Amino acid sequence: MEGREKTVRVTRSSMPPFEEYTEMIKVLWDSHWLTNMGDLHNRLEESLKGYLKVPRLSLFVNGHIALEAALGAFGQTGEVITTPFTFASTAHAVVRSGSVPVFCDIRPDDYTMDPDKLEALITPRTWAVVPVHVYGNLCQVERIEEIARAHGLKVIYDAAHAFGETLDGKGVASFGDASMFSFHATKVFNTIEGGAVAYKDPALSHRIEGLKNFGIMDEENVVLVGGNGKMNEFQAAMGLCNLRHVEQEIGKREKIAARYRTRLSEAEGIHLCPEADNVKHNYAYMPVVFRGFKKDREQVFRELTEQDIHPRKYFYPCVNAYQCYQGQYDPEETPIARQISMEVLTLPMYADLPLETVDEICDIILR
């Protein structure tokens, strides 16, 4: 513990140099334009289109509202197949946009939606699939989209964990009909809070932009029932600054992930996600599954927290075991997701985490 910060959190927000941010926001004291798609908002939107390799993108105040808008933009309701091994937002957005979540189990190696179990869940009421790129592990996009096309379904990716990733050189948002990104403070790239929807069909632009701004098209025309999902200028300024440094931040994360893998990969009973060679990773998380290890997940969690090191049981419990959905779903119907949820810890991971602290965490686990 000597030499490290007393408390080690599971993550810490990346921030630009203070002077860089204050220089960026100086113009706001001249313009007094603080929200409603100002200049910084528009600059960030254009910058992200280039970085993410997408033709269309709309910024939002947070990722959850972005996902609700992505679902709502298609104007359909019914059943939406998603995964129970995800953050609460994924299923909640489906419910709040007027549809019913149907949970598909996950693959045991990368924890993403299992395409082999997808087709059996499709009914006449199914209109969309919402797969999740869990921990930055990319879904089986070709298989999922092949199944979806065969049944006339929309594919809307929850890409909250996958900012900046590519598959065979293609930006992650080039897959499916739309992808939601989260720019929450805990993410690889943050705008303090924030999010975005990337999409292909230009016809969606009208509805997505309307849904984030009360349905207002101009001073006299309100054409649909929307909410308030606008990103403000202070958020956009943070995004513009952080985007300048994001590749450097990912590079730092890569070194931390490599150290964890070097220290933990050979230990019996410790399971790490395989790294796909054709994916440019962002190293957003460091998930470790304890199965057949000398201590179970709860014991490892407790021993780390006793040393003021705070991993996270992410995701536990599965969404289909939430109290708010009690009686609607049986977690036993997605046994792999349920099992992983009881075995996984995400270890501390952020760009400025010292390698000495990584070694200390690994020493505690291996002891």
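Reader: How many residues does the largest nonpolar core have, and which of those have the most contacts inside it?

Author: Let's start with the general idea: in soluble globular proteins, nonpolar side chains tend to be buried together. Now the case here, keeping in mind that this is a predicted model. The largest nonpolar core has 93 residues, and L48, F85, Y260, L347 and I365 have the most contacts inside it. Helix 7, residues 233-264, gives the most to this core, with 12 residues. There's also a second, separate core of 24 residues, and A73, V80, W127 and I156 are among them.

Reader: Okay, take Y260. What does Y260 touch, if I skip residues up to four places away in sequence?

Author: Leaving those out, Y260 touches S265, M286, L347, P348, L353, V358, I361 and C362.

Reader: How do I describe helix 2 and helix 7 together? At what angle do their axes cross?

Author: Two packed helices are described by the angle between their axes and the distance between the axes. In this model, the axes of helix 2 (residues 39-52) and helix 7 cross at roughly 30° and come within 7 Å. Angles under 35 degrees count as roughly parallel, so helix 2 is roughly parallel to helix 7. The crossing is left-handed.

Reader: Which residues of helix 2 meet helix 7?

Author: On the helix 2 side you'll find D39, L40, H41, R43, L44, S47, L48 and Y51. They meet a set in helix 7 that includes E233, L240, L243, V246 and I250. Sort the residues of this contact by type and you get 10 nonpolar, three polar and four charged.

Reader: Is I270 buried or exposed?

Author: I270 has 7%, so I270 is buried. You'll find I270 in strand 12, residues 270-272. Setting aside neighbours within four places in sequence, I270 is in contact with L264, V288, V289, F290, F293, I365 and L366.

Reader: And why does T166 count as buried?

Author: Apply that cut-off again: T166 counts as buried because its relative accessible area is 12%. T166 sits in strand 6, residues 166-167. Beyond residues up to four places away in sequence, T166 touches K53, L138, G171, V172, N278, V279 and K280.

Reader: Last one: what covers the buried residues of helix 4?

Author: In helix 4 (residues 88-96), the buried residues are A88, S89, T90, A91, A93 and V94. Their cover includes helix 3 (63-72), strand 2 (79-82), strand 3 (100-103), strand 4 (126-130) and strand 5 (154-158). After helix 4 comes G98, which has a positive phi, near 100°.

Conventions. Residues numbered from 1 in each chain as written. Predicted model: local features only at pLDDT ≥ 70, side-chain atom pairs only at ≥ 80, totals over all residues. Heavy atoms only, no water. Helix = DSSP H or I, 4+ residues; strand = E, 2+ residues; numbered from the N terminus. Buried < 20%, exposed > 50% of the residue type's maximum accessible area, 1.4 Å probe, protein only. Contact = heavy atoms within 4.5 Å. Core = buried A, V, L, I, M, F, W, Y, C linked by side-chain atoms within 4.5 Å. Axes fitted to C-alpha atoms, helices over the stretch in contact; angles between N-to-C directions. Parallel < 35°, antiparallel > 145°, perpendicular 65-115°, else oblique. Left-handed = near helix turned anticlockwise from the far one by under 90°. Nonpolar A, V, L, I, M, F, W, Y, C, P; charged D, E, K, R; others polar.
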